[in-house]
Amino acid sequence: MARLRIEKVSKTFGASMAVREVELDIADGEFMVLLGPSGCGKSTLLRMVAGLEEPSSGRILLDDSDITHLAPQRRDLAMVFQSYALYPHLTVAKNIGFPLRARRTPRAAIARRVAEVAAVLGLGELLERKPANLSGGQRQRVALARAMVRDPGAFLMDEPLSNLDAKLRSATRAELITLHRTLRTTFLYVTHDQVEAMTMADRIALLNDGRVEQVGTPAELYDRPNSTFVAGFLGAPPMNLFPATVTPRDGRLHLIATGVDIVLPYAAGAETEPLAVTAGIRPERLRPDPAGAITGRVEMVENLGSEELLHLGTGEHTLGVRVPRPAGVATGELLGVHADPADVHLFDAATGLRLRWREPDSGAPIDRDARVAVA
Ligand SMILES: Nc1ncnc2c1ncn2[C@@H]1O[C@H](COP(=O)(O)OP(=O)(O)OP(=O)(O)O)[C@@H](O)[C@H]1O
Ligand SMILES: [Mg+2]
């Protein structure tokens, strides 16, 4: 069991900065996912925790000991990579027991431990096979078993499922979730797959260009994104993000854009001028309604199987509207769409950071300092 703390860790490669002052506190037993687009620094951060890469600055602590400069094999961590890197000439049992043999554990103890771990992962029948005679999913489980056999303080995983086909990936994902529930070991898990992150994580750290953009539960990131980056990264189809203004009108604040006039749940207070914002509304939060605050023309109807995605052209932007299928809406049709004001996310037009009012209807001005704790 282990708590992992990453304190102001940075990594530069020559002139480029791959990881920038990352702060993360991962609780004992927590499943933390590092999520972000390709090249954002996920693997570099994980490799620094593993000891495979030296931080340029900052500290890494495992429980209360500083492991920043400790050799990888002396850290109480087990790493599982995207490529399973099994020894082809060794049986499954020998592959799993390898870390223990390297530590000169007695033979009987190794056999006992290998059998235990193999049982947990459903590999009991496969112990005498060679890796060449296993499926991709089975190989990945052997790699996992090899990591588990030492009973490490924490697991570090870098896209361990990305080589598996869709069906196997979803099955192995479920296995990993169960495994974490059973073992209650700390996981630090890298992926660029938002479905993996949303389904597996206790908390997600979303990285953007080497920085932590937001840390929180999957629901927190999805429901209250701190920035347009987070808003646009999570969700498929993605959140509608469009330029708009927050304009005082008749004592209320309105969200105004071409084809959009949504009365916000805020009394106009100190605001007298329209404020330029980026507005965000998730496609599944919009629904056709002749009296709706958004009007546009249906440009395309996309069949998603159980649902349809309507592309609604408002004159300036195209908004996605996700509706049950069939919605009975035709291309070219003029459509009104309802948006609940509570579902409108507002971001500073210049910085992309979330805007908040101190209190609905208090008349207090917009809080531009979106980086402070979200209320
Ligand atoms: N050894 C290295 N030398 C120089 N640059 C590196 C090295 N390792 C990584 N980088 C750079 O650091 C940045 C972050 O890379 P990293 O592999 O951590 O990204 P990632 O988030 O894991 O991406 P992916 O999802 O594609 O695996 C990239 O710009 C990459 O080119
Ligand atoms: Mg990577």
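These legends go with a few close-up views of a predicted model. Residue numbers start from 1 along each chain as its sequence is written, while chains are lettered from A and ligands numbered from 1 in the order in which they are written. Local features need pLDDT of at least 70, side-chain atom pairs count only at pLDDT 80 or more, and totals for chains, interfaces and linings use all residues, with side-chain values based on heavy atoms and with hydrogens and water left out.

**View 1. The whole protein chain and its confidence.**
Mean pLDDT (the predictor's confidence in each residue, from 0 to 100) is 91 for the protein chain, and 94% of its residues reach 70 or more. Residues 369-375 are where pLDDT is below 50; beyond near neighbours in sequence, this stretch has 14 contacts (heavy atoms within 4.5 Å) in the model. The chain comes to eight helices and 22 strands, counted as DSSP runs numbered from the N terminus (helices are H or I, at least four residues; strands are E, at least two). Its C-alpha atoms fill a box of roughly 80 × 45 × 35 Å along the principal axes.

**View 2. The shell around ligand 1.**
Here's who surrounds ligand 1, with a heavy atom within 4 Å of it: Phe13, Ala18, Pro37, Ser38, Gly39, Cys40, Gly41, Lys42, Ser43, Thr44 and Glu159. Helix α1 (residues 42-50) gives the largest share of that shell, three residues.

**View 3. Side chains reaching ligand 1.**
For serine 43, the distance from a side-chain N or O atom to a ligand 1 oxygen is 2.8 Å. Taken alone, ligand 1 exposes 630 Å², and the protein buries 56% of that (Shrake-Rupley method, 1.4 Å probe).

**View 4. Serine 227 in its loop.**
Serine 227 sits in the loop between α7 (218-223) and α8 (228-233). Its relative accessible area is 3%, so serine 227 is buried (under 20% relative accessible area, 1.4 Å probe, protein chains only). Leaving out residues up to four places away in sequence, serine 227 touches Glu213, Phe347, Gly352, Leu353 and Arg354.

**View 5. Threonine 172 in helix α5.**
Threonine 172 belongs to helix α5 (residues 166-183). Threonine 172 counts as buried because its relative accessibility is 3%. Residues up to four places away in sequence aside, threonine 172 touches Leu161 and Leu164.

Notes: Polar contact = N/O pair within 3.5 Å; in protein donor to acceptor, adjacent residues only side chain to side chain. Buried < 20%, exposed > 50% of the residue type's maximum accessible area, 1.4 Å probe, protein only.
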